[in-house]
Amino acid sequence: MISPLLANIYLHHVLDTWFHDMARPKLRGEAFLVRYADDFMIVCAMKSDADKLMAVLPKRFGKYGLTLHPEKTRLVRSTKPASASSHKGGGGGSGTFDLLGFTDYWRQSHCGRAWMIGQKTAKSRLTRAIRKVAEWFRGNRHRKVADQHRDLVPKLRGHYQYYGITGNGRALYSFYETVRREWQRWLNRRSQRNNMTWERFEQMLRRYVLPRPRNRSRVRRAAKP
């Protein structure tokens, strides 16, 4: 817990105060900074401002012995698509970007009348979460089912609590279904005589219920035109 705390204290001066007091007043268009610990994003209305910040940020960080992550630091053009057809075809729209485990992208509202910024679990984070659960099943496959279930439920709920935001239901259910498949697969490999068929597994789940993801409205960010 000390690392995020130190990052907040240090970057408040190195980045936050500098951006609001010195950098932003010199920009031509609107811009704002979003930071969580040592992850941050700067949104600029004008590309020339983004280029200017991209050039000066390494110098600002280097002054205090810090460096920008070479693989995570990049410029992304993010503009509202002209139409639904152009968005699907890749024309007139923009690229996506990842922040704090989510992929941000343009999507239409449920009524289809407005564009907004949508968020879904980043592919790399979903893959990593699934891999970690599969490794856990492998290392705990010989434990009692009740003990496995007791430790598995908090893992699912923890994932839902972090990634359970508006519009992310598909990724949440993908994680849920994968966990179900992995549990059945590793239970089935425990014994050749007592195979855990899907029928037996479904019966077992009636007693050892796995929590399903629920639709939540914890985060919704409206996109500016």
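Trainee: Where does Arg-214 lie?

Mentor: Arg-214 lies in the segment after helix 7 (198-207), where helices (H or I, at least four residues) and strands (E, at least two) are DSSP runs, numbered from the N terminus. This is a predicted model, in which local features need pLDDT of at least 70, side-chain atom pairs count only at pLDDT 80 or more, and totals for chains, interfaces and linings use all residues. Residues are numbered from 1 along each chain as its sequence is written, and side-chain values use heavy atoms, with hydrogens and water left out.

Trainee: Why is Arg-214 called exposed?

Mentor: Exposed means over 50% relative accessible area, buried under 20% and partly exposed in between (1.4 Å probe, protein chains only); Arg-214 has a relative accessible area of 70%, so the residue is exposed.

Trainee: What makes strand 4 largely enclosed by the rest of the structure?

Mentor: Six of the seven residues of strand 4 (residues 102-108) are buried, so the strand is largely enclosed.

Trainee: How do you know that strand 4 pairs with strand 3 and with strand 5?

Mentor: Two strands pair if DSSP finds at least two bridges between them; three bridges join strand 3 (residues 97-99) to strand 4, and seven join strand 4 to strand 5 (residues 115-121), so both pairs meet the definition. Strands 3 and 4 run antiparallel, as do strands 4 and 5.

Trainee: What makes a set of residues a nonpolar core?

Mentor: The set must consist of buried Ala, Val, Leu, Ile, Met, Phe, Trp, Tyr and Cys residues joined through side-chain atoms within 4.5 Å. The largest such core has 25 residues, with Phe-137, Phe-175, Trp-183 and Met-204 having the most contacts inside it, and helix 6 (169-188) gives the most to this core, with seven residues.
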